[in-house]
Amino acid sequence: MNPHDAAPDIRAVILDLDGVITDTAEVHFQAWKRLAEEEGLSFTREDNEQLRGVSRRQSLDLLLGAHRYDYTETECQALMARKNRYYRELLKDITPADFLSGAPQLLEEIRSRGLKMAVGSASKNTRTVLERLGILHHFDVIADGHSVVRGKPAPDLFIYAAEQMGVPPEQCVVIEDAAAGIEAARAAGMVAVGVGPSTRVGKAHYRYKSTAEIDLNEVLGHGS
Ligand code: B16
Ligand code: MG
């Protein structure tokens, strides 16, 4: 189905943060890796791929795997706090040089077309990252890990962003790099644009290899 059969008039774009605007996946990896080493657990870059777009809590459960039941709930909370401390230490090094290629141009293009623009990220550190990149003020709405209870793949975060922008879900485009994010966008009834390999975002309505390759004309149905 052509998604534009259902959504002829796109009025807003919701962008994921990690993997679309900047590559904080690497920073998350460094922080989780440090924690894993301290706990005597193995954690590889490959394992890190499973954490893309999922919440901090789910990430911890994936990292602990079968060891999950060696830890009490209080200890799990402490592990997450420790990982977040390591992560935030590393965030201090983020600058506007850390945009993914094409991201600043994409934000500008969305704006110049008069579309509303939101961030829809699972991260509770979204505002800090956007501040470090110097673009916090560019968005109409920030939907982040504090905004809703159920994270991606539930549609709640994107529905929240649309409500805050005052735009019906079917008139929103979501740009995502994670399978959970594409699932969430589709569940929300939005046009899903995937960034990355088809093994990850193959269920998107449109797929591009990278942020730099996104063709907004195509997505908006205006032809290239
Ligand atoms: P935090 P996104 C996600 O960001 C990351 O991809 C994921 O790896 C991370 O666990 C999640 O944010 C929560 O982050 O620990 O900072 O709250 O892709 O939704 O922008
Ligand atoms: Mg992401």
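Predicted model: local features only at pLDDT ≥ 70, side-chain atom pairs only at ≥ 80, totals over all residues.
Local features need pLDDT of at least 70 and side-chain atom pairs pLDDT 80 or more, while totals for chains, interfaces and linings use all residues. Residues are numbered from 1 along each chain as written, chains are lettered from A and ligands numbered from 1 in written order, and side-chain values use heavy atoms, without hydrogens or water.

**The shell.** Ligand 1 has 19 residues around it (a heavy atom within 4 Å). Val54, Ser121, Ser123, Lys124 and Asn125 come nearest. The shell divides into 5 nonpolar, 7 polar and 7 charged residues; Ala, Val, Leu, Ile, Met, Phe, Trp, Tyr, Cys and Pro count as nonpolar, Asp, Glu, Lys and Arg as charged, and the others, Gly among them, as polar.

Taken alone, ligand 1 exposes 470 Å², and the protein buries 98% of that (Shrake-Rupley method, 1.4 Å probe).

**Setting.** Helices α4 (56-64) and α5 (73-91) each give two or more residues to the shell (DSSP runs of H or I, at least four residues; strands are E, at least two). Domain 1 (12-23 + 97-220) and domain 2 (25-91) both contribute shell residues, so ligand 1 lies between them. The domain bounds come from an automatic or database assignment.

**A cis bond.** The Lys152 to Pro153 peptide bond is cis, with omega near 15°. Pro153 is in the loop between β3 (141-143) and α8 (156-165).
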